[in-house]
Amino acid sequence: MSKGLKAFFIVLAVLVLIALASFSFLKGTYNSFVTLDEAVKAAWAQVDNQLQRRYDLIPNLVETVKGFAAQEQKVFIEVTKARAQATGARTVPEKIEANNELTSALSRLLVVVERYPELKSNVNFLRLQDELAGTENRIAVERRRYNEAVRAYNVKIRSFPANLLAGFFGFEKQAFFEVPEAAKAAPQVRF
């Protein structure tokens with residue numbers, strides 16, 4: 001075998017190795033994007049399940065409170081409107097925003113409850129309140145899991161050199177489900 005032919009095969013072997021390494025990197029990076037994207041979608045599905053549970057409980061809670069506090073019509077309207085917006089939201093960012101508004105409306109409803117001691121001792125109300133509290137805890141857990149999945153995904157698509165491929169393949173940053181500022185403040189109860 002001549003020196004030229006030998007050099008040709010060495011160059012060809014190096015090029016094949018580079019091509020295989022590049023393909024392996026591209027495949028691994030793309031597949032990790034897909035895996036992380038699916039993890040975000042699965043985590044959001046769990047959040048969505050718990051939000052639906054909340055949506056189903058709210059009408060019963062509102063009706064129970066209405067029986068005791070008919071003059072608090074404005075709060076009931078706000079809760080009902082916020083629930084309708086939340087159930088009508090289509091994209092994840094719209095759902096996050098709508099549910100943050102619903103959380104604020106529910107906290108205002110609970111302030112109304114504080115004004116009616118006889119309501120706080122009603123068995124139906126207590127059962128609904130416990131169900132809602134449990135649901136809110138589940139939402140918090142699922143929101144944390146969703147945010148962890150979003151963080152892992154966002155870190156991956158922003159890390160070099162994966163960020164070059166993320167843009168090429170159309171993987172975009174996902175939104176976190178953060179607690180609204182209004183929900184961070186403790187409700188004011190006045191008698």
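The model is a predicted one, in which local features need pLDDT of at least 70 and side-chain atom pairs count only at pLDDT 80 or more, while totals for chains, interfaces and linings use all residues. Residues are numbered from 1 along each chain as its sequence is written, and side-chain values rest on heavy atoms, with hydrogens and water left out.

The side chain of K95 meets that of D48 in a salt bridge with an N to O distance of 3.1 Å, the term requiring a side-chain nitrogen of Lys or Arg within 4 Å of a carboxyl oxygen of Asp or Glu. This pair links distant parts of the chain, since K95 lies in helix α3 (residues 92-114) and D48 in helix α1 (residues 3-68), 47 residues apart; helices here are DSSP runs of H or I with at least four residues, numbered from the N terminus. D48 itself is partly exposed, at 24% relative accessibility. By the stated rule, the count comes to eight salt bridges.

A further salt bridge joins R54 and E136, whose closest N and O atoms are 2.7 Å apart. R54 belongs to helix α1 and E136 to helix α5 (residues 123-158), so the pair ties together parts that are 82 residues apart in sequence. R54 is buried, with a relative accessibility of 2%, whereas E136 is partly exposed at 24%. In the salt bridge between R108 and E78, the closest N and O atoms are 2.6 Å apart, and the pair connects helix α3, which holds R108, with helix α2 (residues 73-88), which holds E78, across 30 residues. Both partners are partly exposed, R108 at 37% relative accessibility and E78 at 23%. Salt bridges with shared partners also join D37, E38 and K41 into one network.

Helix α2 comprises 16 residues that should span 22 Å at 1.5 Å a residue, and the end C-alpha atoms are 22 Å apart, in agreement with that expectation, which is calculated as 1.5 Å times one less than the number of residues. The buried residues of α2 are V75, F76, V79, A82 and A86. Viewed down the axis of α2, these buried residues fall within an arc of 135°, so they line one face of the helix, the arc being that of the directions from the helix axis to the C-beta atoms. An α-helix has 3.6 residues a turn, so residues three or four places apart point the same way. The buried residues of α2 pack against α1 and α3, contact being defined by heavy atoms within 4.5 Å, while K74, I77 and K81 are exposed on the other side of α2.

In helix α5, E142 is buried with a relative accessible area of 10%. Apart from neighbours within four places in sequence, E142 is in contact with Q46, V47 and Q50.

A nonpolar surface patch of about 660 Å² is made by L5, F8, F9, L12, V16, L17 and L20. Such patches consist of residues with over 30% relative accessible area and no salt bridge, with like charges joined within 9 Å and nonpolar side chains (Val, Leu, Ile, Met, Phe, Trp, Tyr) within 5 Å; accessible areas come from the Shrake-Rupley method with a 1.4 Å probe, and for residues only the protein chains shown count as cover. Among the residues of this patch, L5 is found in helix α1 and is partly exposed, at 39% relative accessibility.

Key: Helices (H or I, at least four residues) and strands (E, at least two) are DSSP runs, numbered from the N terminus. Buried means under 20% relative accessible area, exposed over 50%, partly exposed in between (1.4 Å probe, protein chains only).
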